[in-house]
Amino acid sequence: MSSPADHDPIAFIDLRAQYRRLKADIDTALARVLEDGRFVLGPAVAELETALAARAGVAHAVTCASGTDALQIALMAEGIGPGDAVFVPGFTFPATAGVVALVGASPVFVDVDEESCMMDPADLAAKIDRVAADGRLAPRAAIAADLFGQAADYEALAPLAAEWGLLLIDDAAQSFGGASGGRPVGALAPVTATSFYPAKPLGGYGDGGALFTDDAARASRWRSIRQHGQGEGKYDIVRVGLNSRLDTLQAAILLVKLAAFDAEIDARERVAATYDSVLAGAVSLPGRLPARSSTWAQYTIRLERRDAVQAALAEQAIPTAIHYPVPMHLQPAYRAHGDGPGSLPVSERLSRQVLCLPMHADLDEATAVRIARAVRDAAAG
Ligand SMILES: Cc1ncc(COP(=O)(O)O)c(C=O)c1O
């Protein structure tokens, strides 16, 4: 027997349904900014920064224009540049590696753990040893990208970073809102960067980002860099900076979404549990690290016949995505920084196997079951 869910078009991420749910509050918040007229660094930006810092359990949150800028600002604020090595996972979004090259430093690619898909501490140790023995680059920082909604293995990464004096940066574009060992994402590393890209678990209606720290001096450097390197006065320029501010309209939207965030994370958790129950035994389920709560930015399975399964799902109008189809060390822009095919075997395997299923807070149970059954049948075929 067919149910309505058999025929509704399925969205990979349904931002229109979310807007309909939050419309009254978002429209009111936007109208307030339009009436007020302070469109850049207006009052909603400071209000959002206070709320974000509280959510992240840290003293300072500094917003900026994107998650990519947040990572770049983090590196600029430490003076990281030519001659410096920054360790990044081979399997990640391009920005994690791109910002390193943008500041003139050298990305050193680290393989990832097969289960969690995130930076492998053992390979980080090996790559630090190699850079130190080689002597040409100074090991300065490591950016661990939290993929798919959960925090990376900071329990193992932090002592390694401390041993070598590396700044550990949490690229939390996908995990902000999650926690590890009872500590919120934002407080797991000395520096955390996140993204408010619309598809992120906490997304605006355009680009945006934020940085988190307990260090007041660091936060003050970030505020300076996001606004042309300003010192005390508007034309007191004390360092090279960017124009990377969060629009007040985005801040107003994000304040509304932040109020709904916990309920949305719970709804995503329920979708993940439905997928788990139908797909257990049929495909490799998303790997979980212990004591984590995930924001389920993506529900990512691994399977051998990935491309055939994706094509079969597309025929049934079930959208899927591949994050990420090519590891960074094999991308044309970064090949010169890597050691070529075979050098990061887990990253290379995952890029052939991962498949992300529709995931958002407005995905109803019947549709989630329908998607999961279609995946199970396609994987068996
Ligand atoms: C892991 C990761 N890092 C960085 C970014 C960059 O964020 P943005 O698109 O806001 O620049 C993203 C998302 O787009 C991401 O998923």
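1. Two residues count as in contact here if their C-beta atoms, placed from the backbone, lie within 7 Å. Keep that cut-off in mind for the helix pair below. The model is predicted.

2. Start with helices H8 and H11. On the H8 side, the contact uses Val271, Thr274, Tyr275, Val278 and Leu279. They meet Glu365, Ala368, Val369, Ala372, Arg373, Val375 and Arg376 of H11. By class, this contact has eight nonpolar, one polar and three charged residues.

3. Now the geometry of that pair. H8 covers residues 248-279 and packs on H11 at an angle of about 35 degrees. The two axes are 9 Å apart. The crossing of H8 past H11 is right-handed.

4. Helix H11 spans residues 365-380, and Glu365 is found in it. Is Glu365 buried or exposed? Glu365 is exposed, because it has 12 other C-beta atoms within 10 Å, and 12 or fewer is the cut-off for that label. Glu365 also takes part in the contact with H8. Gly281 lies 84 residues from Glu365 along the chain, and their C-alpha atoms are separated by 20 Å.

5. Helix H4 (residues 94-102) has several buried residues: Ala95, Thr96, Ala97, Val99 and Val100. What covers them? The cover includes helix H3 (67-76) and strands S2 (84-89), S3 (106-110), S4 (138-145) and S5 (167-171). Just after H4 comes Gly104, with a positive phi of about 90 degrees.

6. Last, a sheet of three strands. The sheet is open, with the order S7-S6-S10 and antiparallel pairing. Its edge strands are S7 (183-184) and S10 (292-293), each pairing on one side only. S6 (residues 179-180) pairs with S7 over two bridges, in the antiparallel sense. Ala179 stands opposite Pro184 of S7.

Terms used:
Residues numbered from 1 in each chain as written. Predicted model: local features only at pLDDT ≥ 70, side-chain atom pairs only at ≥ 80, totals over all residues. Helix = DSSP H or I, 4+ residues; strand = E, 2+ residues; numbered from the N terminus. Buried ≥ 20, exposed ≤ 12 C-beta atoms within 10 Å, placed from the backbone. Pairing = 2+ DSSP bridges. Axes fitted to C-alpha atoms, helices over the stretch in contact; angles between N-to-C directions. Left-handed = near helix turned anticlockwise from the far one by under 90°. Nonpolar A, V, L, I, M, F, W, Y, C, P; charged D, E, K, R; others polar.
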